[in-house]
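Subject: Structure handover

Hello,

Here is the structure for you to look over. My notes on what turned up follow below it.

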Amino acid sequence: MSQITAKTDHLPQFYQASTAEELGSIDLPEINIVSWQRPHLDPLKNRLSLVDWPAMLSISGSFLKSKPKDSFENLESELNHALGFLRDDEKSLLIQDVMENASLFYHSFSSGVDTFKYELAVINGVMCPRFHMDYYKMRLIVTYVGDGTE
């Protein structure tokens, strides 16, 4: 495991993960932010940065713990429909990554909850105030284009 890179009484406790398995460190009482850089996504991110994204793209819904198959099928169907403006190879790679992240979150971090929400959106403004005011217990944020979660 990597080292904890910041530890103070006033700042969030930060952990830099190097693998998906290390994302589980979020369950440690002294950690409340985990970051995972995924260099293998750089080629996809570079391609997606050239896309003319629609300003109003937004996909959201809920996963039901009691109906995981239906939940994953609904997410994949929504992605296929909403991302029709992408080239087939870009769409396929993006959907694959979103589905892998959804599966990781669902299987690793959804214990003790019946549902969790997902959202894929084009964000052109500052989201930090919203993220600090909604009181979700845990969130997984992925940036595909830009510096959003840097």
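Which residue lies over the face of Trp36? Arg38 does, at 5.4 Å from the ring centre. A charge counts as sitting over a ring if NZ of Lys or CZ of Arg is within 6 Å of the ring centre and within 35 degrees of the ring normal. Lys65 has its charged end over the ring of Tyr106, 4.8 Å from the centre.

Ground rules first. This is a predicted model, with residues numbered from 1 along each chain as its sequence is written. Local features need pLDDT of at least 70, side-chain atom pairs count only at pLDDT 80 or more, totals for chains, interfaces and linings use all residues, and side-chain values use heavy atoms, without hydrogens or water.

Confidence: pLDDT is the predictor's confidence in each residue, from 0 to 100. Its mean over the protein chain is 81, and 82% of the residues reach 70 or more. Helices (H or I, at least four residues) and strands (E, at least two) are DSSP runs, numbered from the N terminus. Over residues 1-8 the pLDDT is below 50.

Aromatics: there are eight aromatic pairs. Rings of Phe, Tyr and Trp (its six-membered ring) pair if their centres lie within 6.5 Å; planes under 30 degrees apart are stacked, over 60 edge-to-face, the rest tilted. Phe63 and Tyr106 are a tilted pair, because their planes stand at 40°, with centres 6.0 Å apart. Phe63 is in strand β4 (residues 58-64) and Tyr106 in helix α3 (residues 88-109), so this pair ties together parts 43 residues apart in sequence. Both residues are buried (under 20% relative accessible area with a 1.4 Å probe, protein chains only; exposed is over 50%, partly exposed in between). Phe105 and Phe116 pair edge-to-face, at 5.1 Å between centres and 65° between planes. Phe105 and Phe116 are buried too. Ring pairs join Phe63, Phe72, Phe105, Tyr106, Phe116 and Tyr118 into a cluster.

Cores: a nonpolar core is a set of buried Ala, Val, Leu, Ile, Met, Phe, Trp, Tyr and Cys residues joined through side-chain atoms within 4.5 Å. The largest has 23 residues; Phe63 and Leu94 are among those with the most contacts inside it. Helix α3 gives the largest share, seven residues. A second, separate core of six residues includes Ala17, Leu23, Ile26 and Leu104.

Best wishes

Note on methods: Contact means heavy atoms within 4.5 Å.
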